[in-house]
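Here are my notes on this one, as promised. Have the sequence and the model open beside you while you read.

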Amino acid sequence: MATDRLSVIFAALADPTRRAILARLAEGDATVSELAEPFEISLPAISRHLKVLEQAGLITRSRTAQWRSSSLNPEPLREATSWMERYRQFWDTNFDRLDAHLKRMRAEQETRERETP
């Protein structure tokens with residue numbers, strides 16, 4: 001199992017249920033029951049997802065009386081986004097070059113079509 005922080009973050013983000021939980025927590029803190037509402041899985045399964053998110057540092061959990069709520073921690077998401085940003089810039093540059101190449105090809109094709117009797 002990967003132990004570096006970025007690998008743990010991406011492993012936690014790999015599951016669609018966990019991503020949905022994070023999306024819900026972006027709206028505000030929630031209890032396990034509130035987080036479980038849209039899913040057809042058990043509360044223990046939601047708790048296991050929360051444990052993975054907590055171990056990745058993506059959420060924090062607190063207890064008030066019998067209520068245990070979860071909160072989004074955005075810092076690991078910033079870390080993952082920062083890592084991906086380098087690759088976005090790479091692909092943006094390559095897509096811009098491809099777009100320019102396709103425009104040149106299209107212009108050349110149009111020129112050939114006008115010159116052909």
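1. Let's start with what counts as a ring pair: two rings of Phe, Tyr or Trp (for Trp, its six-membered ring) pair if their centres lie within 6.5 Å. With that in hand, look at F10, W83 and Y87, which ring pairs link into a cluster. Bear in mind throughout that this is a predicted model. Four aromatic pairs turn up in the structure.

2. Take the F10–W83 pair, with ring centres 5.6 Å apart and 65 degrees between the planes. Planes over 60 degrees apart count as edge-to-face, and that is the label this pair gets. F10 sits in helix α1 and W83 in helix α5, so the pair ties together parts that are 73 residues apart in sequence. As for cover, F10 is partly exposed at 28% relative accessible area, and W83 is partly exposed too, at 34%.

3. F90 counts as partly exposed because its relative accessibility is 45%, and partly exposed is the band between under 20% (buried) and over 50% (exposed).

4. Now for the inside. The largest nonpolar core has 18 residues, and I21, L35, I46, L50, L53 and L58 touch the most other members. Which elements give two or more residues to this core? They are α1 (5–13), α2 (16–25), α3 (32–36) and α4 (43–55). The biggest giver is α1, with four residues.

5. Setting aside neighbours within four places in sequence, L50 is in contact with I21, V32, L35, I59, R61 and S70.

6. Is S70 buried or exposed? S70 has a relative accessible area of 0%, so S70 is buried. The residue lies in strand β3, residues 67–72. Leaving out neighbours within four places in sequence, S70 is in contact with L25, D29, A30, L35, L50, I59, T60 and R61. L35 and R61 are also among the contacts of L50.

7. On to charges. Side chains of opposite charge can pair when their charged atoms come close. How many salt bridges are there? The count comes to six. One of them joins the side chains of E79 and R5, at 2.6 Å from N to O. Here E79 lies in helix α5 and R5 in helix α1, so this pair ties together parts that are 74 residues apart in sequence. Both ends are partly exposed: E79 at 27% relative accessibility and R5 at 41%.

8. R61, listed above as a contact of L50 and of S70, also forms a salt bridge with E54. Their closest N and O atoms are 3.9 Å apart, and the cut-off for calling a salt bridge is 4 Å. E54 is partly exposed, with a relative accessible area of 31%.

9. Back in helix α5, K103 and D99 lie four residues apart, about one turn of the helix. They form a salt bridge, with 3.3 Å between the closest N and O atoms. K103 is partly exposed at 48% relative accessibility, and D99 is partly exposed at 38%. There is also a network in which salt bridges with shared partners join E85, R88 and D92.

10. Last one, a loop residue. A14 is found in the loop between α1 and α2, and with 55% relative accessibility A14 counts as exposed. How far is A14 from A65? The two are 51 residues apart in sequence and 32 Å apart in space, C-alpha to C-alpha.

Key
Residues are numbered from 1 along each chain as its sequence is written. This is a predicted model: local features need pLDDT of at least 70, side-chain atom pairs count only at pLDDT 80 or more; totals for chains, interfaces and linings use all residues. Side-chain values use heavy atoms; hydrogens and water are left out. Buried means under 20% relative accessible area, exposed over 50%, partly exposed in between (1.4 Å probe, protein chains only). A nonpolar core is a set of buried Ala, Val, Leu, Ile, Met, Phe, Trp, Tyr and Cys residues joined through side-chain atoms within 4.5 Å. Contact means heavy atoms within 4.5 Å. Rings of Phe, Tyr and Trp (its six-membered ring) pair if their centres lie within 6.5 Å; planes under 30 degrees apart count as stacked, over 60 as edge-to-face and the rest as tilted.
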